[in-house]
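User: Could you take me through this structure? I would like to start with the terms.

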Amino acid sequence: MALIDVVVPQLSESIEEATLLTWKKKPGEAIAIDEILIEVETDKVVLEVPAPAAGVLSEIVQGDGATVTSGQVLARIDTAATAGAAAPAAAAPAPAAAAPAPAAAAAAPAPATSIAMPAAAKLLADKGIDPASVDGTGKGGRILKGDVLAAGSAPAPAAAKAAAPSVDATTLVDGRPEQRVPMTRLRARVAERLLQSQAENAILTTFNEVNMKAVIDLRNSYKDKFEKEHGVKLGFMSFFVKAAVAALKKFPLLNASVDGKDIVYHGYFDIGIAVSSPRGLVVPILRNADQLSLAGIEKKIAEFGQKAKEGKLGLDDLTGGTFSISNGGVFGSFFSTPIINPPQSAILGVHATKDRPVVENGQIVIRPINYLALSYDHRIIDGREAVLGLVAMKEALEDPQRLLLEI
């Protein structure tokens, strides 16, 4: 037997611990070198843990959902074993309290549905409930704590399910189904930062409307040639980024941040683009956005979207930023007040563009209108800078040639 440890990758200095997701292999199964065994979720990104060597997964030391730190041993690989070899009892993710009696285990292995998570195993032991009588609703049929509570609260598991077949609940409270799910590390971190933002910033929001006809006409005229030339579609976000950068250059306070009693002015423009992912909201950074072309911006945004979808965004993608843009319009948002992303001091909210009646030269006409919202930290940004900054963005979008001439 030649054992090699599988360990947690080195985490960032700002990340103290992480959470294991779901093991992709079971003890006794063959694995290839660099095959992904499990993913580790931090409050920023999801890291993949590859197999350091080929062999057989001998033992899982830390089960699904465990909290781990950098360098901690997660599992062991036997590089000399052959696939199909029986895994040692210690490799089973279920604790001893939830395992069947030794004699029964020797006669026939416990079915997957009898594997209980640690909290559930303790509750099973305390209540004297046979794991085989509880239907596990966790991944792979694992028994969760809520499954045990439901089994103890209802005449039978089947009766509990029949009470509310349309609800995926794991607990009955006063006879009614509820489901308690821990926040992911990302969601918990987002919640923490939002509370921090509201507690530490004096947030105000100013609004304006922008006639998007000039941008739409320009896009319609060149979108096919643009895609053929650059290999990426011409969207609207690149125009919003360019307009924002133009305004930030005129009003540097919108691109600044607060550090204690100091105002830090940034001589660069790193724009955070809020992106929805399966794990929640993430904000990858367009670095040196002022130096990027429309095509460069669109390519980076497309790359961020794909990475977010696949959970491949890295720490470098999400670190820093001097200003952010949140586009709720892709979901149909009409109006909103975005929350500042600390330590930034301002954020632009973009919404759905809709045809609306407006007055031009004394006549009512229909124009594609988008309502913009700029939230800003009133501690360092006065209303004048905020309003004029948003007007500068509006003017750039209504006359996009200004972006080319930088006026």
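Analyst: A polar contact is a pair of N or O atoms within 3.5 Å; within protein, one must be able to donate a hydrogen and the other to accept it, and residues adjacent in sequence count only if both atoms are side-chain atoms. This is a predicted model, in which local features need pLDDT of at least 70, side-chain atom pairs count only at pLDDT 80 or more, and totals for chains, interfaces and linings use all residues. Residues are numbered from 1 along each chain as its sequence is written, and side-chain values use heavy atoms, with hydrogens and water left out.

User: Which side chain does threonine 322 join in a polar contact?

Analyst: The partner is the side chain of asparagine 255, at 2.6 Å.

User: And is threonine 322 buried or exposed?

Analyst: Threonine 322 counts as buried because its relative accessibility is 3%; buried means under 20% relative accessible area (1.4 Å probe, protein chains only). Threonine 322 lies in the loop between α9 (315-318) and β18 (323-327). Helices (H or I, at least four residues) and strands (E, at least two) are DSSP runs, numbered from the N terminus.

User: What else is threonine 322 in contact with?

Analyst: Beyond its neighbours within four places in sequence, its contacts (heavy atoms within 4.5 Å) include His266, Tyr268 and Gln344.

User: Changing topic: what is the order of the open sheet of four strands?

Analyst: The order is β1-β8-β6-β3, with antiparallel pairing; two strands pair if DSSP finds at least two bridges between them. β1 (3-7) and β3 (30-31) are at the edges with a single partner strand each, so one side of each has no neighbour in the sheet.

User: How many bridges link β6 and β8?

Analyst: Four bridges, between residues 55-60 and residues 73-78.

Terms used: Buried < 20%, exposed > 50% of the residue type's maximum accessible area, 1.4 Å probe, protein only.
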